[in-house]
Amino acid sequence: MDLSKITGEIWFDGEMIDWQDANTHLLTHTLHYGLGVFEGVRAYGTVKGPSIFRLHDHTDRLFKSASTVNMVIPFSKEEINKAHGDVIRANDLEEAYIRPMCFYGSEGMGLRADNLKVHTMVAAWEWPSYMEPEAREKGIKVKLSSFKRQVRNPVANSKVNGNYVHSIVALNEALENGFDEALMLDSEGFIAEGSGENFFLVKNGILYSPDLDSCLDGITRRTILALAEQLNITFSVKKLTLEDVLESDESFFSGTAAEVVPINSIDGKLIGSGTRGPITEKLQSAYFDQVRGIRDANHLWHTYTK
């Protein structure tokens, strides 16, 4: 999909502009140094119309990321939230992937990064699934990455644009070697996360996830942990080793783009039976019921646009 060819509207610095006019200068500071913050958000079709899932949590995290890098967003959370609904309506979308981002302009160059204007955008488009549809059942092949993730670093644990260079090279390494996704360790050798997803494993009926020293505080990760509690699935957040992963009964990734996708093998070694496990399936089913408004619980996670 060539995103530059889409027709529609984008919210930019407080107003709707034509998609084809959404351009910025080649000397934009963020383009050169990667200092920007962003979110990935989804809207799903429900019986009540399009629902943006956990919008307020995403916006809260956007502002937290900005604060971490001393970026002042020139709009309120309420204005950013409203912009999400506006782009859904303006582009007549029933389901969408939504990308809010704050970035520095072209008023200057250099690492000092002073006297720069902060621009803010929210775009939305149709992006049905990050993974192939059959991956939800059959799972994906994962490669242990040679690239490491930083730990105990507030900037590394925020959604800062430049952080994702590691994710891109890790994913490309996996794809070039015939895998579907990468699993990164942190700099201390513990399990961190995928290129753009949080990681979970199941052993003896207990769900495990790495602690936040090693991974992003993912909104979908929070959702999975909340659903596990509601479904009476015992879970533990702790440091995980590669041995823990290879001896697990099930494993899966979670993320706004990837949603919930099982892992069938790592570096060619089957995880459990090599298919989607029962706890993964239970959480996956509950997740899709939740985002589509089928579950009655957690109604505050939904922001309806109509």
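Q: Rings of Phe, Tyr and Trp (its six-membered ring) pair if their centres lie within 6.5 Å, and planes under 30 degrees apart count as stacked, over 60 as edge-to-face and the rest as tilted. How many aromatic pairs does the structure hold?
A: It holds eleven aromatic pairs. This is a predicted model, where local features need pLDDT of at least 70 and side-chain atom pairs count only at pLDDT 80 or more, while totals for chains, interfaces and linings use all residues. Residues are numbered from 1 along each chain as its sequence is written, and side-chain values use heavy atoms, with hydrogens and water left out.

Q: What makes tyrosine 97 and tryptophan 127 an edge-to-face pair?
A: Their ring centres are 4.7 Å apart, with 80° between the planes.

Q: Why is tyrosine 97 called buried, and why is tryptophan 127 called partly exposed?
A: Buried means under 20% relative accessible area, exposed over 50%, and partly exposed in between (1.4 Å probe, protein chains only). Tyrosine 97 has 6%, so it is buried. Tryptophan 127 has 27%, so it lands in the partly exposed range.

Q: Which residues do ring pairs link into a cluster?
A: The cluster joins Phe53, Tyr287, Phe288 and Trp301.

Q: What makes us say that lysine 239 lies over the face of phenylalanine 190?
A: A charge sits over a ring if NZ of Lys or CZ of Arg is within 6 Å of the ring centre and within 35 degrees of the ring normal. Lysine 239 is 5.5 Å from the ring centre, and it lies over the face of phenylalanine 190.

Q: What makes a group of residues a nonpolar core?
A: The members are buried Ala, Val, Leu, Ile, Met, Phe, Trp, Tyr and Cys residues, joined through side-chain atoms within 4.5 Å. The largest one here has 27 residues, and those with the most contacts inside it are Val37, Met71, Ile88 and Ile98. At least two residues of this core come from each of β4 (41-44), α2 (55-68), α3 (77-90), β6 (96-104) and β7 (118-125). A second, separate core of 20 residues includes Leu227, Ile233, Val260 and Val291. In soluble globular proteins, nonpolar side chains tend to be buried together.

Q: How do you know whether methionine 71 is buried or exposed?
A: Its relative accessibility is 4%, so methionine 71 counts as buried. Methionine 71 lies in the loop between α2 and α3. Contact means heavy atoms within 4.5 Å. Leaving aside neighbours within four places in sequence, methionine 71 has contacts that include Leu35, Val37, Cys102 and Val118. Methionine 71 and cysteine 102 are 31 residues apart in sequence and 8.6 Å apart in space, C-alpha to C-alpha.

Q: Why is asparagine 232 called exposed, and why is asparagine 298 called buried?
A: Asparagine 232 has 70% relative accessibility, so it is exposed. Asparagine 298 has 18%, so it is buried. Asparagine 232 lies in the loop between α6 (219-230) and β13 (235-237), with phi near 60°, a positive value in a residue other than glycine. Asparagine 298 is in the loop between α8 (278-291) and β17 (302-304), and has a positive phi of about 60°.

Key. Helix = DSSP H or I, 4+ residues; strand = E, 2+ residues; numbered from the N terminus.
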